[in-house]
Amino acid sequence: MLTPDLFLNGDEELPESSFIILTLSKGISEVTRRLTNEGFTEGKNFIRRTELSPVIPAIEISGVCNLRCIACPRSDTRHPFENGGFMSVEDYEKVLSKLLQELPMLHLVSLFIWGDPLLHPKLPEILKINSRLGVGSDISTNLNIKTEKLEEIMKANPTYLRLSCSGFGSKNYEVTHAGAKWDLFYKNCFEVSRLMKKYDLDTGVELYFHVNKANILEYKDIVNMARQLGFRTAAVLSMCFPQYAMNFAENIPLPESAQKAKDLMLVSMEEVLEAAKGENEKPCTATNGFPNINWDLSVLTCCNFNQDRIAANFFDIGTDELIKLKNSSEFCKKCISHSIHRYYGLRKYDNFVKDLLMEKCGLPAYI
Ligand SMILES: C[S@@+](CC[C@H](N)C(=O)[O-])C[C@H]1O[C@@H](n2cnc3c(N)ncnc32)[C@H](O)[C@@H]1O
Ligand code: SF4
Ligand code: SF4
């Protein structure tokens, strides 16, 4: 019989017919382990909420970024990617409430698409709304912000914090993360770690390393730093973004910055697109990231592209209708015609980067 202390406060036992849905956004592995030790079977006696709701909506709380990374359309001088604005806290709460009505098993939202969420002046309030409504917060950031801002943000205990980086030291990092300062990133990593200890936080912090031809050997230093700070590490192939892959497929010349990012790719864009073509019949790899709500409440067709919208205002349309619009989107048809729906996440390149890091640095890609 189930140990009730995991779920209930008193001595009562759960009836045999109970079926448990784990709704935690943190500590789920530990609870799963304990349940399994008690003789419960995942799928038969209990299930994770993630199984019931695989979608993870993205809410662009900050339509603003302070950098111009060379692989990102933010650096595209042909179509300057203007800084937009910030979603208000009031709108944010309404967006999340609507999502929860339409996707009741929602467990996590990403707070970024094409901006940097740490620039939002009221991020701590947004994180607190998520905690109050029982939804985890997924953040990815360049961490090039004023160090003083970090304390309030970390105190609000985001579920996941991905620290994006593309080198150890200024030499390579400041080329690819154009506009960033290594010293600031480095100092802020230490500050995040200090705050984690100070407030005994359980945020999953990850150094997310974009591996390219120039920085690969710096991965060792990144792993050492992550170990020192108590962070996880994930290393992924540095990719020139899908927007540029679309340009390339349509024979549209890339801007100089993106060309540099393309040249730095460990597997050429040509090769990735060729491999993607071989998987054209397979489903799009971006389907779980839905819907994608922009800072101005418009709804993006896809998190991989900034220019196409399926709705002008998220509040005027239901999720079912959004799914229909996306499924019939001309933009998606164009993307699929170039196989760019399989550009990200090709398994053979995940394995390639794992093997390469083991060979060159003697380290796994995920630690
Ligand atoms: C457009 S960014 C927005 C969030 C935030 N500004 C950041 O950079 O972390 C979305 C994701 O793209 C990833 N990314 C940026 N450049 C990349 C690259 N060259 N290769 C692979 N992923 C990259 C970032 O790590 C981030 O998780
Ligand atoms: S990758 Fe992130 S940090 Fe870099 S320019 Fe794009 S949005 Fe900004
Ligand atoms: S088909 Fe292309 S544009 Fe449409 S959701 Fe997938 S990756 Fe995005």
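These exercises walk through a predicted model, with a worked solution after each task.

Residues are numbered from 1 along each chain as its sequence is written, while chains are lettered from A and ligands numbered from 1 in the order in which they are written. Local features need pLDDT of at least 70 and side-chain atom pairs pLDDT 80 or more, but totals for chains, interfaces and linings use all residues.

**Exercise 1.** Find the domains and the separation of their centres.

Solution. Take the bounds from an automatic or database domain assignment. Domain 1 is 4-51 and domain 2 is 54-361. Their centres, taken over C-alpha atoms, are 32 Å apart.

**Exercise 2.** Describe the shell around ligand 1.

Solution. A residue belongs here if its C-beta atom, placed from the backbone, lies within 6 Å of the ligand. Of the 17 residues, Ala71, Ser140, Ser164, His210 and Ser238 come nearest. Next, sort the shell: 9 are nonpolar, 6 polar and 2 charged. Here Ala, Val, Leu, Ile, Met, Phe, Trp, Tyr, Cys and Pro count as nonpolar, Asp, Glu, Lys and Arg as charged, and the others, Gly among them, as polar. Then look at strands (DSSP E runs of at least two residues, numbered from the N terminus). Strand 5 (136-141), strand 6 (160-165) and strand 7 (204-211) each supply at least two shell residues.

Note on methods. Helix = DSSP H or I, 4+ residues; strand = E, 2+ residues; numbered from the N terminus.
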